[in-house]
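Student: I have a structure open and would like to learn how to read it. Where do we start?

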Amino acid sequence: MRLLFVGDIVGRGGRAVLLEHLPRLRARWALDVVVVNGENAAGGFGITEAILQEFLDAGADAVTLGNHAFDQKEALAFIDRQPRLIRPVNYPPGAPGRGAAVIETRTGARALVVNLMGRVFMDALDDPFRAIDAELAVTPLGQGCDVAIFDFHAEASSEKQAFGHYVDGRASLVVGTHTHAPTADARILGGGTAFMTDVGMTGDYDSVIGMAKEEPVRRFLKKVPGARMEPAMGPATLCAVAVETAANGLAERVAPVRIGGALEPALPEFW
Ligand SMILES: [Fe+2]
Ligand SMILES: [Fe+2]
């Protein structure tokens with residue numbers, strides 16, 4: 001199967017480049033599963049139901065989140081009626097929504113999609129390693145799902161890589177999100193799990209992690225906020241990772257995707 005995971009969509013510019021390219025990529029590459037991280041989609045902070053619907057209409061099968069999951073308060077309510085919207089699974093019991101779901105895609109694939117948050121330099125959530133064991137006990141790869149995609153939303157490269165090795169052979173793809181800069185290490189681990197430490201954001205890279213650069217620079221200098229953080233509005237780069245899986249759900253090929261904006265373009269050679 002052919003999977004595409006698109007990194008954190010930041011603000012209007014990120015949304016525009018996603019909506020411009022995703023329908024065409026979905027058709028041209030005959031994608032079976034498309035997952036998009038949407039935690040920064042609404043002005044850089046969270047997601048609205050209207051934006052979620054735009055992403056689904058454009059070809060996303062599922063939308064994952066992260067530490068900004070509930071920045072838009074309406075998400076606390078609408079997440080319960082949107083089964084394709086996935087927040088971190090290791091939130092405390094009783095949090096709205098779900099952290100894992102088996103999503104049926106347009107081509108009939110059954111994709112286990114799990115969003116997890118790391119704990120190094122992040123909020124003190126439950127253990128994501130134990131949380132993934134619980135999910136995989138219920139839905140092992142190849143039984144109940146054709147592919148398994150884990151979005152590990154974390155600050156520390158070490159924690160992301162440790163998690164990748166921990167689930168190697170039990171997932172189709174482990175992809176890092178949250179740092180908003182793509183790493184050059186997309187590869188297939190020894191057990192057959194495709195891995196990339198961070199997929200990068202989908203947004204304007206002439207910025208500080210997607211935000212117009214003046215205010216973040218000012219805050220580092222002055223240590224007090226001066227204005228609201230606003231997404232940078234220049235040309236955005238769509239950053240994603242492309243994976244082809246074998247019949248057993250493990251990865252056979254992996255490649256980074258970068259389209260538009262300031263970054264060097266990259267497309268998978270195998271599609
Ligand atoms: Fe993000
Ligand atoms: Fe984040």
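Tutor: We will go through a metal site, some aromatic rings and a pocket. Keep in mind that this is a predicted model.

Student: Which protein atoms are the donors of the iron ion (ligand 2)?

Tutor: Glu39 (OE), Asn67 (OD1), His153 (NE2) and His178 (ND1). They lie 2.1 to 2.2 Å from the ion. Along the chain, the donors follow the spacing E-x27-N-x85-H-x24-H.

Student: How do I judge the arrangement of the donors?

Tutor: Look at the angles. Four tetrahedral donors would ideally give 109.5 degrees. Around the iron ion (ligand 2), the four donor atoms subtend angles of 84 to 146°, so the arrangement is irregular. To count as tetrahedral, all angles must lie between 85 and 135 degrees.

Student: How far apart are the iron ion (ligand 2) and the iron ion (ligand 1), and which residue coordinates both?

Tutor: The two ions are 3.4 Å apart, and Glu39 coordinates both. Now compare Glu39 with His178. Glu39 is in the loop between strand 2 (33-37) and helix 2 (49-58). His178 is in the loop between strand 8 (173-177) and strand 9 (187-188). The two residues are 139 residues apart, so the pair links distant parts of the chain.

Student: Is Glu39 buried or exposed?

Tutor: Glu39 is buried, because its relative accessible area is 1% and the cut-off for buried is under 20%. His178 also counts as buried, at 13%.

Student: How do I read aromatic pairs?

Tutor: The whole structure has seven aromatic pairs. One of them, Phe152 and Phe163, is stacked, with 4.4 Å centre to centre and 25° between the planes. Phe152 belongs to strand 7 (residues 147-153), and Phe163 to helix 5 (residues 157-166). Phe152 is buried at 1% relative accessibility, and Phe163 is buried at 0%.

Student: What kind of pair do Phe270 and Trp271 form?

Tutor: An edge-to-face pair: 5.3 Å centre to centre, 85° between the planes. Phe270 is partly exposed at 23%. Trp271, at 19%, counts as buried.

Student: Which residues do ring pairs link into a cluster?

Tutor: Phe129, Phe152, Phe163 and Tyr166.

Student: What is the volume of the largest pocket?

Tutor: About 330 Å³. Of the 16 residues that line the pocket, His68, Val208, Ile209, Met211 and Met229 are the closest to its centre. The lining has seven nonpolar, six polar and three charged residues.

Definitions and conventions:
Residues are numbered from 1 along each chain as its sequence is written. Chains are lettered from A and ligands numbered from 1 in the order in which they are written. This is a predicted model: local features need pLDDT of at least 70, side-chain atom pairs count only at pLDDT 80 or more; totals for chains, interfaces and linings use all residues. Side-chain values use heavy atoms; hydrogens and water are left out. On a 1 Å grid over the protein atoms alone, a cavity is a set of points where a 1.4 Å probe fits but cannot get out, and a pocket is an open set with protein on both sides within 12 Å along at least five of seven lines; lining residues have an atom within 4 Å of a point. Grid points are joined across faces, edges and corners, and a volume is the space filled by probe spheres set on the points. Ala, Val, Leu, Ile, Met, Phe, Trp, Tyr, Cys and Pro count as nonpolar, Asp, Glu, Lys and Arg as charged, and the others, Gly among them, as polar. Donors are N, O and S atoms within 2.8 Å of the metal (3.2 Å for Na, K and Ca); water is not among the atoms, so sites may look incomplete. Four donors count as tetrahedral if all angles lie between 85 and 135 degrees; four count as square planar and six as octahedral if opposite donors are over 155 degrees apart and all others between 65 and 115; anything else is irregular. Helices (H or I, at least four residues) and strands (E, at least two) are DSSP runs, numbered from the N terminus. Buried means under 20% relative accessible area, exposed over 50%, partly exposed in between (1.4 Å probe, protein chains only). Rings of Phe, Tyr and Trp (its six-membered ring) pair if their centres lie within 6.5 Å; planes under 30 degrees apart count as stacked, over 60 as edge-to-face and the rest as tilted.
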